[in-house]
Amino acid sequence: MGCVAAAVLADLDIRVTIFEAAPQLPLELRASTFHPATLELLTPLGVVPEMIERGLVAERFAYRDRRHGLVAEFDLGSVGDVTRYPFRLQCEQFKLCQILLDRFAANEAVEVRFSMPVARVDQNDHRATVHFTSGESESFDAIVGADGAGSNVRKALDLTFEGMTYADRYVVVSTPFDMAVHLDDLSYVNYISDPDEWLVLLRTVDLWRALFPVGDDESDEQALSDESAERRLQSVVSRPERYEIAHRTIYQVHQRVANEFRVDRAVIVGDAAHINNPLGGMGMNGGVHDAVLLGRGLAGHLNGQITSQQLDHFATIRRDLAIDYVRRHTHANAVSLAAPSGEARQAALANMAVTAREPDEARQYVLQASMIKALWSMEAELDSVHAWPDGLARPLS
Ligand SMILES: Cc1cc2nc3c(=O)[nH]c(=O)nc-3n(C[C@H](O)[C@H](O)[C@H](O)COP(=O)(O)OP(=O)(O)OC[C@H]3O[C@@H](n4cnc5c(N)ncnc54)[C@H](O)[C@@H]3O)c2cc1C
């Protein structure tokens with residue numbers, strides 16, 4: 001999210017230096033879904049056409065029963081009247097970073113320095129100082145902490161990161177094998193319910209990614225082993241050959257939000273500010289929303305366009321959305337997929353089927369899942385720092 005915040009600030013005439021701990025751009029396979037609202041927010045940066053070129057357009061997403069197939073399908077075309085992007089874009093986060101880094105190389109307003117791990121930050125009335133693990137330090141007018149879930153910036157600002165950790169870990173296994181050839185009506189994004197082992201099955205440009213829960217009877221090593229990966233993929237589509245596994249990872253799942261997103265000259269964005277259940281794909285998306293709103297807010301404040309109180313208000317909006325929107329939606333997704341009893345599982349599926357069948361309800365659900373409703377609740381603030389370019393997804397009056 002550091003790259004997005006830097007691009008937003010540079011666009012508003014603020015010089016930026018990015019300090020990245022790694023020696024080069026990390027290419028982890030994590031977030032891979034951009035929602036319509038996020039594409040709207042990225043539009044002024046001019047990166048969306050290239051993202052679409054390098055990604056995969058998913059016009060539908062679906063809820064399925066592993067044994068009985070398709071239960072409910074949502075068509076993002078139903079919100080085509082309020083967004084230029086009535087689809088989810090399957091495009092890995094690192095591709096957006098690559099596009100932005102290429103642009104920074106030709107932009108004197110942004111300097112990117114790799115292998116610069118930040119140890120802590122501090123600030124006074126005049127400057128904010130970044131201290132590196134090397135012992136060096138540099139001072140700036142303001143700091144954006146975009147250093148991920150373990151954020152040293154958040155810790156140095158003495159912020160809490162309260163919330164909960166789910167009992168299950170999630171394992172993600174990716175394969176180039178084309179699942180769609182063997183499963184009828186498969187969308188590019190599928191939430192698949194099952195009494196024994198639910199899963200999420202997603203398509204990226206090159207791979208199918210399957211995410212499964214891991215209970216406490218299985219260690220990380222077991223869940224990541226060839227045997228477990230093979231067993232899990234064979235249970236999705238059974239085939240005589242072994243699967244080619246392109247990538248696998250396991251991680252703990254949390255819902256945590258920092259108690260403040262702004263402290264004087266510092267703001268935090270992305271996983272540094274909030275982490276959530278990935279079901280619904282709102283973590284990175286929420287991070288982009290932070291980076292755009294707080295980036296604009298910070299630039300507006302540094303340029304004397306908005307007051308400190310207004311910037312506080314921007315930060316409060318982002319924190320409230322992290323709690324009332326992202327946490328609520330992703331937790332509801334997790335509960336419905338992992339419903340403990342057969343009855344609760346059937347009820348959750350039946351509910352989804354009814355929602356998808358009723359056009360008004362389906363539209364409301366898609367507006368929520370695509371984060372367009374979140375975008376609407378920031379619209380006035382986005383417009384208040386240099387008028388937002390024409391075309392931001394507007395609510396119908
Ligand atoms: C399997 C999985 C799938 C997911 N899928 C989705 C999805 O489809 N859609 C979605 O919206 N979200 C998804 N998420 C969540 C998403 O991956 C994160 O919310 C997002 O990557 C956070 O981005 P970030 O830039 O805030 O943090 P990070 O991606 O963690 O980046 C932080 C950066 O800071 C650097 N850094 C860390 N410490 C320091 C330091 N001390 N000094 C300097 N640099 C430092 C790191 O090297 C890194 O480059 C998924 C998560 C997982 C685990």
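At what angle do helix α1 and α8 pack, and how far apart are their axes?

## Model and numbering

This is a predicted model, in which local features need pLDDT of at least 70, side-chain atom pairs count only at pLDDT 80 or more, and totals for chains, interfaces and linings use all residues. Residue numbers start from 1 along each chain, as its sequence is written.

## Helices α1 and α8

Two packed helices are described by the angle between their axes and the distance between the axes. Helix α1 (residues 2-11) packs against α8 at about 30 degrees, and the axes lie 8 Å apart. Axes are lines fitted to C-alpha atoms, for helices over the stretch in contact; angles run from 0 to 180 degrees between N-to-C directions. Helices (H or I, at least four residues) and strands (E, at least two) are DSSP runs, numbered from the N terminus.

On the α1 side, the contact is made by Val 4, Ala 5, Val 8 and Leu 9. From α8 come Val 288, Ala 291, Val 292, Gly 295, Arg 296, Leu 298 and Ala 299. Contact here means C-beta atoms, placed from the backbone, within 7 Å. By class, the α1 contact with α8 has nine nonpolar, one polar and one charged residues. Ala, Val, Leu, Ile, Met, Phe, Trp, Tyr, Cys and Pro count as nonpolar; Asp, Glu, Lys and Arg are charged; the others, Gly among them, are polar.

## Around the ligand

Helix α8 (residues 283-302) also gives the most to the shell around the ligand, with four residues. The shell holds 28 residues, and Ala 31, Gly 148, Gly 270, Gly 281 and Gly 283 come nearest. A residue is near if its C-beta atom, placed from the backbone, lies within 6 Å of the molecule. The shell divides into 14 nonpolar, ten polar and four charged residues.

## Two domains

The assignment gives domain 1 (2-163 + 254-384) and domain 2 (171-253). Such bounds come from an automatic or database domain assignment. The domain centres, taken over C-alpha atoms, are 26 Å apart. The contact takes 28 residues from domain 1 and 22 residues from domain 2.

On the domain 1 side, the elements giving two or more residues are β3 (56-58), β4 (60-65), β5 (69-75), β6 (88-90), α9 (308-337) and α10 (342-357). β4 gives the most, with six residues. By class, this side has eleven nonpolar, nine polar and eight charged residues.

## Sheets and strand pairs

Two strands pair if DSSP finds at least two bridges between them. β2 and β6 pair over two bridges. Thr 33 stands opposite Gln 90 in β6.

A second open sheet has the order β8-β9-β10, again antiparallel. Its twist averages 20 degrees from one strand to the next. β8 is joined to β9 (residues 128-132) by five bridges, and Arg 120 stands opposite His 131 in β9.

Elsewhere, eleven bridges join the antiparallel strands β12 (residues 161-175) and β16 (residues 247-258). Phe 161 has Ala 258 of β16 as its bridge partner. Two bridges also join β16 to the antiparallel β19 (residues 274-275); here Val 257 stands opposite His 274.

Conventions:
Two residues are in contact if their C-beta atoms, placed from the backbone, lie within 7 Å.
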